[in-house]
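Here is a short tour of a two-part report: the packing first, then the contacts. Please have the viewer open as you read.

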Amino acid sequence: MTKPESEWTWKELPVGNVILEPGNASQYRTGDWKTHKPVLNKELCVHCGLCYIFCPDMTYNLDAEGYFIADLYYCKGCGICAKECPTGAISMEEEEK
Amino acid sequence: MGKRVGMEVSIAAAEAVKQANVDVISAYPITPQTHIVEHLSELVANGELDGEFFCVESEHSALSVCVGSEAVGARSFTCTSAQGLALLSEITFIASGLRLPILMILANRTLSAPLSIWNDHSDAMMIRDCGWIQFFLENGQEVYDHVFIGYRVGEDRDVLFPVIINMDGFILSHVIEPIELIEQEKVDQFLPPYQPLYRLHPDRPVTMGAFALPSIFAETKKAQEVAIRSSMSKILEVWKEFGDLTGRYYHPIETYKAEDADTLLVTMGSFGETASVAVDMMREQGRSVGLVKIRLWRPFPFEDFKKATLNAKQLVVIDRAVSVGGPGGPVASEVKSALYGVEGHPVVYDFVAGISGRDVAPSDFIKMVDKAEIEIEEGSKEGYEIYGVRE
């Protein structure tokens with residue numbers, strides 16, 4: 001969508017609420033579901049990418065320095081990355097304390 | 001003028017589906033809808049109807065197939081009754097939410113329990129609020145005609161709603177009536193091929209049936225509600241055009257000897273024809289009785305209904321379904337809503353009659369009018385009873 005759905009009026013909706021713009025699910029913010037967020041300790045990270053592989057929401061992306069970083073816009077805070085990390089480099093911390 | 005033939009109403013309905021050049025038929029047999037599906041199956045098997053016939057394992061699948069086929073732009077048809085309707089009811093809301101102009105004939109039948117295969121309107125009332133345009137028709141000719149009218153209205157770009165044709169099971173579905181068939185050229189002229197606004201096609205991908213968060217759901221329902229209410233003007237336009245083509249003009253509310261009547265019977269579906277005989281009999285006795293028939297159930301024609309009934313002293317509404325634990329029959333409930341707040345509106349007396357196919361003869365209509373008139377004369381402001389129940 002060209003704008004957040006909370007700003008659409010009923011008159012603007014396509015008939016049958018058909019979605020005409022492909023790929024707009026990427027705008028759906030699932031990141032606000034979480035209570036805990038992954039925090040990376042770069043000193044322990046071995047760049048294996050298991051967090052990237054296991055993340056069910058594909059939130060991990062490789063940054064310029066070679067670290068996999070979770071995009072908190074999508075991360076639901078499930079903790080699978082922290083569980084799978086072989087060196088314990090990822091810890092789950094409360095998002096708001 | 002088209003050829004006039006004696007034909008079972010179910011067969012006439014199936015012939016209309018053929019003449020409407022339907023692309024996809026998906027249905028599961030259930031009494032009393034069976035003859036429609038059987039005949040369509042034959043028409044496809046014999047190559048007389050160039051469409052796909054989907055043999056599905058349930059009614060739920062039958063309408064689901066129609067949703068899919070309509071979404072790719074194929075004119076689709078299904079029909080069912082009672083328990084079958086209950087099973088596919090989930091999909092009725094989806095078809096209207098997606099604004100897919102499927103046509104469905106309901107050969108109205110009683111919902112169990114107790115198990116009954118006979119006619120009443122309990123099945124149709126179950127899905128009253130499913131967002132389809134809903135007609136209640138009085139005879140075979142109306143059913144035949146409304147297959148074309150239904151597609152023409154539903155597929156209109158200003159409408160895009162699925163359409164239900166209600167016809168009383170057995171009373172209409174299994175009766176042989178004279179039907180005036182419309183020449184194919186006229187049908188083709190009236191009903192051009194379906195041109196969908198959006199459809200599933202690889203060249204132009206769209207998503208249908210996505211979810212909606214609470215932040216936008218109310219907007220989607222308002223859009224649907226405004227659209228079905230505004231479809232009224234298109235329905236009137238299409239009926240007018242159909243009348244000009246065939247000489248048969250239809251209206252949301254039909255009246256019979258109603259203009260000067262003190263008492264009006266209000267009916268829906270095949271009751272209308274029997275009730276008109278009762279009106280004639282009472283008129284012969286000098287009684288001031290007329291008839292109002294509701295043909296369009298959704299969108300409900302509030303203004304037309306008020307106009308047709310406001311000069312009467314009392315309305316005797318004949319319902320064919322019970323709203324168990326509710327305000328009476330569903331039609332009477334709607335009628336009261338239509339009249340609410342109108343100064344000096346007629347008293348509404350409600351009878352539930354003919355449920356599960358029990359015969360309602362002209363003499364029964366007269367008895368109901370008698371009882372309502374006496375009670376209102378004695379001061380009753382309303383009334384409700386299930387008629388003819390043994391005490």
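Which residues touch the most other members of the largest nonpolar core? They are Ala13(B), Val17(B), Val147(B), Leu265(B), Val266(B) and Val316(B), in a core of 115 residues. A nonpolar core here is a set of buried Ala, Val, Leu, Ile, Met, Phe, Trp, Tyr and Cys residues joined through C-beta atoms within 7 Å. A residue is buried if 20 or more other C-beta atoms lie within 10 Å of its own, exposed if 12 or fewer, and partly exposed in between, with C-beta atoms placed from the backbone.

Before going on, please note that this is a predicted model: local features need pLDDT of at least 70, side-chain atom pairs count only at pLDDT 80 or more, and totals for chains, interfaces and linings use all residues. Residues are numbered from 1 along each chain as its sequence is written, while chains are lettered from A and ligands numbered from 1 in the order in which they are written.

Chain B is divided into domain 1 (4-246) and domain 2 (253-386), with bounds from an automatic or database domain assignment. Their centres, taken over C-alpha atoms, are separated by 28 Å. Contact (C-beta atoms, placed from the backbone, within 7 Å) links 27 residues of domain 1 of chain B with 20 residues of domain 2 of chain B. On the domain 1 side, H8(B) gives the most, with 5 residues. Helices (H or I, at least four residues) and strands (E, at least two) are DSSP runs, numbered from the N terminus.

The table sorts two contact sides by class; Ala, Val, Leu, Ile, Met, Phe, Trp, Tyr, Cys and Pro count as nonpolar, Asp, Glu, Lys and Arg as charged, and the others, Gly among them, as polar.

| Chain A, touching chain B | 8 residues | 4 residues | 1 residue |

Between the chains, 13 residues of chain A are in contact with 18 residues of chain B.

Helix H6 (residues 140-154) of chain B is worth a look too. H6(B) has 14 of its 15 residues buried, and a kink of about 35 degrees is centred on His146(B); the bend is the angle between axes fitted to the seven residues ending at a residue and the seven starting there.

Finally, Asn41(A) lies in the loop between strand S1 (36-40) and helix H1 (50-54) of chain A. Asn41(A) counts as exposed because 12 C-beta neighbours lie inside 10 Å.

Terms used
Two residues are in contact if their C-beta atoms, placed from the backbone, lie within 7 Å.
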